[in-house]
Amino acid sequence: MEDKKQAYKDLLDETREIHALEMAKEVLEWDQETCMPPKGVELRSRELSALSGLIHEKTSSDHMGELLLQAQKQIDNEEEGANLRELKRAFNRVKRVPKKLVQDISRLGALSQDAWIKARNASDFSLFSPRLKEMISLKREIAKHLKEPGQTLYDALIEDFEEGAREATLVPMFSSLREKLSNLLSRIMEKGDQADETPFNGSFPRPMQEKMCKHVAKTMGFDFEGGRLDTSAHPFTSGGKNDVRMTTRYDESDFRPALYALIHETGHALYEQGTQAEHQGTPLGETSSMGVHESQSRLWENQVGRSRAFSAYLLDTAGQYFGRDIVGRNLDTFYKGVNIVRPSLIRVEADEVTYNLHIIIRFELERALINGTMEVHDIPAAWNKKYQELLGISPSSDAEGCLQDVHWSWGLFGYFPTYSLGNVYAAQLYGKILKDIPGLDSKLQKGDTAELLQWLRENIHSKGRRYLPAQLIEKACGESPAESSLISYMENKFGELYGL
Ligand code: ZN
């Protein structure tokens, strides 16, 4: 007798196969960033493109469409409903875009990448702008196919990274952040730059930093039987569940960059390792969205990693590797030294307060580009003007200005806001965690993160894609996504640190 759920089971089998191809692709990408010999690049790009083609074919096949249709009649619980909802959504989004357009974008992506690298090296935006112009016109084209009633073109693109997020809610959220954070920044600047960084300067051999990083990752709960730590130019995390690859980078004159990149990436990695084994390869066993992913890394990096309590543990741990007298054995110096607020031109080096201002600038510009209210050749001037306005500094070259990020050259429009959404979610989640776990700080001081991780496992990691990102946050902290927790967290923390 035919199983009553045969189509649903077949659908999951097919989905797991696609997932396996995606994971194979991630291992190849990880290998390229960490240890591939330089001459391997040509073969690697063919391997990756072959896999992408295969994934695209399987995701949008008629067979898949048929399975989705049949499985629809067989689901009878919330979990199966969530799996089907996500699979149908992915299928429909792929189906709605003409194949020719997808191929054009991927071809242009390679050219545009190349032009971006050349333009950045020459610090000359005009070398990149013709490709960027083409890219924006293709992305607008794609958005027209994907756009649903009531959505803007930009909304249709955000959906790739943050399901359910809309300009209509992001605009007021970000303009409130813009106002409150630039106000906080100017109050901090009026006080003057008080941080003393000399205690952090020294000689910190890379092998010792590596040992320390592994120690800290273990303390946070990272399972080295199901993951690795390696080195790459730009730290990242890839893979999933029982094979998570993360990287950091080392500066032998200062241990902070490696340590905080490690804490950030471990936050991402713990999320992957915390997904449910039984649902691997299906939406229920995946992570929710870019924003939720970033909330996990930022929560560990900032709310935990840059707290006074966890600083005590980190200072003690660094002392085990670099000598007891590190940073003058002074907790106050350490805490201040990992929380320096200083306007800078480069997003990836920004502190907690200014980081979101960098994002808001990109959000405002890319919305205007996609919605058609700004021209590509106006980017450099608009960029510099916004930096002057929000951060009080202006780049002296395009390389340290509008050419610094890789995102637009890949056509990743709608990605930037997920960084700030991650910060917003992190502050809300941590507010709830502090209520739910009494005395958390005294545990963190000793490096005891077990209860915190348990909370994240239960409320976020194990949920997979059961809910939309905003619903997941609401279920976890009892309120829908809102910026007020992040603003009060920043005002309290930096108000105290800088004596405002
Ligand atoms: Zn991240």
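Arginine 206 and glutamate 210 sit four residues apart in helix H9, which spans residues 206-220, so about one helical turn separates them. In this predicted model, the two residues form a salt bridge, with 3.3 Å between the closest N and O atoms. Arginine 206 is partly exposed, at 34% relative accessibility, and glutamate 210 is partly exposed as well, at 26%.

Two further pairs deserve attention. In helix H13, aspartate 332 and lysine 336 are four residues apart, about one turn of the helix, and their side chains meet in a salt bridge at 3.5 Å, N to O. Aspartate 332 counts as partly exposed at 32% relative accessibility, and lysine 336 likewise at 37%.

The other pair belongs to helix H16, where lysine 432 and aspartate 436 lie four residues apart, about one turn of the helix. Their closest N and O atoms are 2.8 Å apart, in a salt bridge. Lysine 432 has a relative accessible area of 25% and is partly exposed; aspartate 436, at 36%, is also partly exposed. Elsewhere, salt bridges with shared partners join Arg85, Glu86, Glu286 and Arg465 into one network. Across the whole structure, the search finds 44 salt bridges.

I turn now to the metal site. Which residues coordinate the zinc ion? They are His264 and His268, each through NE2, and Glu294 through OE, at 2.1 to 2.3 Å. The spacing of these donor residues in sequence is H-x3-H-x25-E. Histidine 264 lies in helix H10 (residues 256-273) and glutamate 294 in helix H11 (residues 290-304); the pair therefore ties together parts that are 30 residues apart in sequence.

Finally, the second largest pocket. Its volume is about 390 Å³. Its lining comprises 17 residues, and Gln303, Ser307, Tyr430, Leu434 and Tyr489 lie nearest the centre. The elements that contribute two or more residues to this lining are helices H12 (308-322), H13 (331-337), H16 (417-436), H17 (440-445) and H20 (484-497). Helix H20 supplies the largest share, five residues. By residue class, the lining of this pocket divides into seven nonpolar, six polar and four charged residues.

Conventions. Residues numbered from 1 in each chain as written. Predicted model: local features only at pLDDT ≥ 70, side-chain atom pairs only at ≥ 80, totals over all residues. Heavy atoms only, no water. 1 Å grid on protein atoms, 1.4 Å probe; cavity = no way out; pocket = protein on both sides within 12 Å on 5 of 7 lines; lining within 4 Å. Points joined across faces, edges and corners; volume = space filled by probe spheres on them. Nonpolar A, V, L, I, M, F, W, Y, C, P; charged D, E, K, R; others polar. Donors = N, O, S within 2.8 Å, 3.2 Å for Na, K, Ca; no water. Salt bridge = Lys/Arg side-chain N within 4 Å of Asp/Glu carboxyl O. Buried < 20%, exposed > 50% of the residue type's maximum accessible area, 1.4 Å probe, protein only.
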